Amino acid sequence: MAVPQLDPAKLQLVQELEIEMMSDMYNRLVSACHQKCIPVKYHEAELGKGESVCLDRCVAKYLDVHERIGKKLSNMSQGEAEDLTKINLQEKK
Amino acid sequence: MSEYKKPDIDPDLVKFSEGNDYDSLAKYLCKVYRYRENIIIPRVLGPVVIKTNDEKMIEATVESCPFKSVTSCIIGYGLGAAVGLFTSSLMPNMTDPMAQQNQTAREILREMKNSMLSYAKNFALLGAVFSGVECCIESARGKSDWKNGTYAGGVTGGLIGLRGGLKAGLFGAAGFAAFSTVIDYYMHQR
């Protein structure tokens, strides 16, 4: 994936989108892992050992899934782009 | 996909500061708690507290399974010594009824000491095994609820009772699991 956007305006835009994406992912991660790992009834204020372990695993899995699906999606869209260029070349002929 | 266009800025908006000049000055004016300059973690209540690596290491050590097991062992030793002292004062071991010289204070104190040590070692081993097993079960399950104590009690009771055969092991497991559940219930009820 080439990065030819070196205008300061576009770079700013990309950075802002990146920050927004990161904070959105953080919020979703917190919400999902809280729902999975911490039961509804609270016995005490501190995180127990089981809950801490569960949260570690949840975050690791979430980020792993996020990375893999991102790669798959980018491969798919790259494949689509290649198909489109092939079709365009065929049509031009 | 059409290009992303930022929405127009409201013309009535009062701009306090253009750009990030205050943001970049902030690090000279007041103590900035940001871990990185440009990453801002949303505040919940009060200043953002990010634990230092030392603190994280200490916490990881204190909450680890071996440390908990050792702590439980030491506490068990102390508790066992107290129980042994109490028990030996209530029920002195008068196994030899013939000799009167066994009634000296030194002899009784020696028997007290032996009884204390014996109880202390047993309790220490019990505490270490129970705590270690409970910590491992809790780490494996990933949940913090009452069942961890029960399962750990079952395993510990089983290990203790297994010396007397399989049936004794099963009874020991059931009994110790029940005992552990009751103790946990009372501790959490407050």
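Predicted model: local features only at pLDDT ≥ 70, side-chain atom pairs only at ≥ 80, totals over all residues.
Local features are given only at pLDDT of at least 70 and side-chain atom pairs only at pLDDT 80 or more, whereas totals for chains, interfaces and linings use all residues; side-chain values rest on heavy atoms, with hydrogens and water left out. Residues are numbered from 1 along each chain as its sequence is written, and chains are lettered from A in the order in which they are written.

Chain B has six helices and zero strands, where helices are DSSP runs of H or I with at least four residues, strands are runs of E with at least two, and both are numbered from the N terminus. Along the sequence the pattern of chain B reads α-α-α-α-α-α. Chain B has 190 residues, of which 20% count as buried. Here buried means under 20% relative accessible area, exposed means over 50%, and partly exposed is in between, with a 1.4 Å probe and protein chains only. Contacts are heavy atoms within 4.5 Å. Among the contacts in chain B with a separation of 6 or more, 52% come from residues 24 or more positions apart.

In chain A, Cys33(A) is bonded to Cys58(A), with the sulfur atoms 1.8 Å apart. The link of Cys33(A) and Cys58(A) is left-handed, with -90 degrees about the S-S bond. This pair links distant parts of the chain: Cys33(A) belongs to helix 1 (residues 8-37) of chain A and Cys58(A) to helix 2 (residues 49-92) of chain A, 25 residues apart. Cys33(A) has a relative accessible area of 3% and is therefore buried. Cys58(A), at 12% relative accessibility, also counts as buried.

Cys37(A) and Cys54(A) form another disulfide, S to S 2.0 Å. Its S-S torsion is about -75 degrees, so the link of Cys37(A) and Cys54(A) is left-handed. Cys37(A) lies in helix 1 of chain A and Cys54(A) in helix 2 of chain A, so that distant parts of the chain, 17 residues apart, are linked. Both Cys37(A) and Cys54(A) are buried. With the bonded cysteines of chain A numbered in sequence order, the pairing is 1-4, 2-3.

In chain B, a disulfide joins Cys65(B) to Cys135(B), S to S 2.0 Å. The torsion about this S-S bond is -90 degrees, and the link of Cys65(B) and Cys135(B) is left-handed. Cys65(B) and Cys135(B) are both buried.

Which cysteine sulfur is nearest to that of Cys73(B), a residue in no disulfide? The nearest is that of Cys135(B), 15 Å away. Cys73(B) has a relative accessible area of 27%, so Cys73(B) is partly exposed. Cys136(B) is likewise in no disulfide, and the nearest cysteine sulfur, that of Cys65(B), is 4.4 Å away. Cys136(B) is partly exposed because its relative accessible area is 47%.

The two chains also touch. Chain B brings 17 residues to the contact and chain A brings twelve residues. Chain B and chain A bury about 1100 Å² between them, with 55% of this on carbon and sulfur atoms; buried area is the accessible area (1.4 Å probe) that two parts lose on being put together, summed over both.

One salt bridge is found across the interface of chain B and chain A, the term meaning a side-chain nitrogen of Lys or Arg within 4 Å of a carboxyl oxygen of Asp or Glu. It is formed by the side chains of Lys6(B) and Glu16(A), at 3.5 Å from N to O. On the side of chain B that touches chain A, helix 3 and helix 4 of chain B each supply at least two residues. Helix 4 of chain B gives the most to this side, with five residues.

Helix 4 of chain B also holds Val129(B). With a relative accessible area of 28%, Val129(B) is partly exposed. Not counting residues up to four places away in sequence, Val129(B) touches Thr156(B) and Leu159(B).

Note on methods:
Disulfide = S-S within 2.5 Å.
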